[in-house]
Amino acid sequence: MPTPSLTALPIRRLTLRDLTACADLSEDRGWPREEHKWGLLLSAGKGFGIDDPEGGLVAACVVTEYGAWERPDLGAVGMVLVAGRHARQGTGRRLMRHVVSLMGTTPLTLHATPYGRPLYEELGFKVTGRAEMLRGRFTPGGPEPAVVTRAATAEDLPAILRLDEEVFGTDRTPLITRLPAFADQLRVAEEDGRLIGYTAAWPNMDTHVVGPLIARDTETAKALISSLAARTERPLRTDIDVRHEELLSWAKERGLASVAFNSVMTYGIAELPGDWTRRFAPLTVAAG
């Protein structure tokens, strides 16, 4: 039987049963397998993929919706991947057009690598910001942060959700409520019994990814990162909005080195909602 053309292969919804195939696709493109992250995205978001008649996936991506159920305010697109043997044949463009069409009038956002940015610009996405990826072993130093941090408890979850919605600009309950099970650490910062920030460290291959990182100010962000670093032996990795220059400089002084820059892009809105001054790092660039 002749192999069907790529344009004839249907796009279908992915589920957790496709986790291994998604991880295989990541590995095929030279990315880490990131099965832990794929599991979160496929359960909290909507995966889309194209099956390869010879086995595995031709392509995949995930959309994480935020806001009211069935009436999202924002969709974050991530993990857009095409198998190496099918690259440069328009498959990624076809998959993204499908997602854009399916989301209708819902605004979209994504973090684009320099390689992927031209495709997204062709589809109408606009660059609205940048994030710098840092990675390395954190070295304590300097004065101790004055901000009080502690491990989050179940009782903190309502306050975390309220703060997250206020800063992010839309409700992320389906994602944030998965953090206690997904992350190895979930910590909060307090002042006079009031929550002023929170963060998590979740395992990704040999690192702990710091995110989300939401804080009242830079000093609070520093205290939260320091508190996570003191409780892990792994290198840290995070993606910090480049407008937070003081935090970036401090993190580099503490041993985290610049790895890459990604463009923050939007579709259907001029800029992301919420308060960027308190939004320091995403949970993952794949989900915002």
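This is a predicted model: local features need pLDDT of at least 70, side-chain atom pairs count only at pLDDT 80 or more; totals for chains, interfaces and linings use all residues.
The largest pocket holds about 1000 Å³ of space, and its lining is made up of 37 residues, among which Trp-31, Val-80, Thr-113, Tyr-115 and Gly-116 lie nearest its centre. When the lining of the largest pocket is sorted by class, 20 residues are nonpolar, 10 are polar and 7 are charged. Strand E4 gives the most, with 6 residues in the lining of the largest pocket.

| Strand paired with E12 | Sense | Bridges |
|---|---|---|
| E5 | antiparallel | 5 bridges |
| E6 (residues 126-136) | antiparallel | 9 bridges |

Individual residues can be followed across both pairings: Thr-109 stands opposite Thr-266 in E12, while Arg-130 has Ser-263 of E12 as its bridge partner.

Is helix H2 (residues 35-44) largely enclosed or largely open? Of the 10 residues of helix H2, 7 are buried, so the helix is largely enclosed by the rest of the structure. The buried residues in H2 are Lys-37, Trp-38, Gly-39, Leu-40, Leu-41, Leu-42 and Ala-44, and a residue is called buried here when its relative accessible area is under 20%.

Note on methods:
Residues are numbered from 1 along each chain as its sequence is written. Side-chain values use heavy atoms; hydrogens and water are left out. On a 1 Å grid over the protein atoms alone, a cavity is a set of points where a 1.4 Å probe fits but cannot get out, and a pocket is an open set with protein on both sides within 12 Å along at least five of seven lines; lining residues have an atom within 4 Å of a point. Grid points are joined across faces, edges and corners, and a volume is the space filled by probe spheres set on the points. Helices (H or I, at least four residues) and strands (E, at least two) are DSSP runs, numbered from the N terminus. Ala, Val, Leu, Ile, Met, Phe, Trp, Tyr, Cys and Pro count as nonpolar, Asp, Glu, Lys and Arg as charged, and the others, Gly among them, as polar. Two strands pair if DSSP finds at least two bridges between them. Buried means under 20% relative accessible area, exposed over 50%, partly exposed in between (1.4 Å probe, protein chains only).
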